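Got a model open and wondering how to read it feature by feature? Let's walk through one together.

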Amino acid sequence: MIEIKIVISLLITLTIIMGCSSEEERIVNVNNDEIPTENKNISKLPPGLSISIGEETIRPFLIGYSWSYYDEYEDSMATIETESIPPPSLENIDKLTTVSSNSEVVLKFEKAPTDYQVIIWESESNVTGTFDELDLSQLKGKFIFRVTGHWEEGKASYFLYLNIQ
């Protein structure tokens, strides 16, 4: 009779333990702070950017970022920060993409940012301005563009070099 009680007690205990283990997965870092499970799918790098200008599609250079992601090896959130370099001289750029000033410009981020801004240089030391969109209609000549996007996970900056006619 005692053996039956022990077996029944073990079965009840195992059932309770197995029922509790089917809860939704949680991630806890070293500080015992819970990390939302959707963060497990965050890329280690910021989203890519392509820019359509008329018929041309251009992939600007990723030049600096601060980005947070879930590191499976460390089992915690991690942040990578890289320095944002200044733009090189236009004279050092071998091949500028030539586009028309009346071309429509569409920025296509792999993941939509919460916002972005565009800084325009006529040369590495002469900033033309900071804008919330890329409009070529008032520009003629060689320009450097820096597009900086902001996401919940961080921010990233991209360079683009254009010869606008």
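Predicted model: local features only at pLDDT ≥ 70, side-chain atom pairs only at ≥ 80, totals over all residues.

Q: Let's start with the overall make-up. How many helices and strands does the protein have, and how do the elements run from the N terminus on?
A: Counting elements is a handy way in. Here the secondary structure comes to one helix and 12 strands. Reading from the N terminus, the order is α-β-β-β-β-β-β-β-β-β-β-β-β.

Q: What share of the contacts links residues 24 or more positions apart?
A: Take the contacts with a separation of 6 or more: residues 24 or more positions apart account for 58% of those.

Q: How do I read a nonpolar core, and which residues have the most contacts inside the largest one?
A: The general idea first: in soluble globular proteins, nonpolar side chains tend to be buried together. In this model the largest nonpolar core has 27 residues, and Leu 134, Leu 136, Phe 145 and Leu 162 have the most contacts inside it. Several strands each supply at least two residues of this core: β3, β5, β8, β9, β11 and β12. The largest share, five residues, comes from β12. There's also a second, separate core of seven residues, which includes Ile 63, Trp 121, Ile 144 and Phe 159.

Q: Can we zoom in on Leu 136? Which residues does Leu 136 touch, not counting those up to four places away in sequence?
A: Skipping those sequence neighbours, the contacts of Leu 136 are Ile 53, Val 99, Ser 100, Ser 101, Val 105, Phe 145, Leu 162 and Ile 164.

Q: Now sheets. What strand order does the open sheet of three strands have?
A: To read a sheet, look at who pairs with whom. This one has the order β4-β3-β8, with antiparallel pairing. β4 and β8 stand at the edges with a single partner strand each, so one side of each has no neighbour in the sheet. From one strand to the next, the twist averages 20 degrees. Between β3 and β8 there are five bridges, and Ser 52 has Val 106 as its bridge partner in β8.

Q: For contrast, where does Glu 83 sit, and is Glu 83 buried or exposed?
A: Glu 83 is in the loop between β6 and β7. Its relative accessibility is 70%, so Glu 83 counts as exposed. Beyond residues up to four places away in sequence, Glu 83 touches Ile 63 and Gly 64. Also, Glu 83 and Tyr 65 are 18 residues apart in sequence, with 7.0 Å between them in space, C-alpha to C-alpha.

Q: Last one: how many residues sit between β11 and β12 in their hairpin?
A: For a hairpin, check the connection and then the bridges. β11 and β12 have two residues between them, and 11 bridges join these antiparallel strands. One of the pairs is Trp 151 with Gly 154 in β12. β11 is mostly covered, with eight of its 11 residues buried.

How values were computed: Residues numbered from 1 in each chain as written. Heavy atoms only, no water. Helix = DSSP H or I, 4+ residues; strand = E, 2+ residues; numbered from the N terminus. Contact = heavy atoms within 4.5 Å. Core = buried A, V, L, I, M, F, W, Y, C linked by side-chain atoms within 4.5 Å. Buried < 20%, exposed > 50% of the residue type's maximum accessible area, 1.4 Å probe, protein only. Pairing = 2+ DSSP bridges. Axes fitted to C-alpha atoms, helices over the stretch in contact; angles between N-to-C directions.
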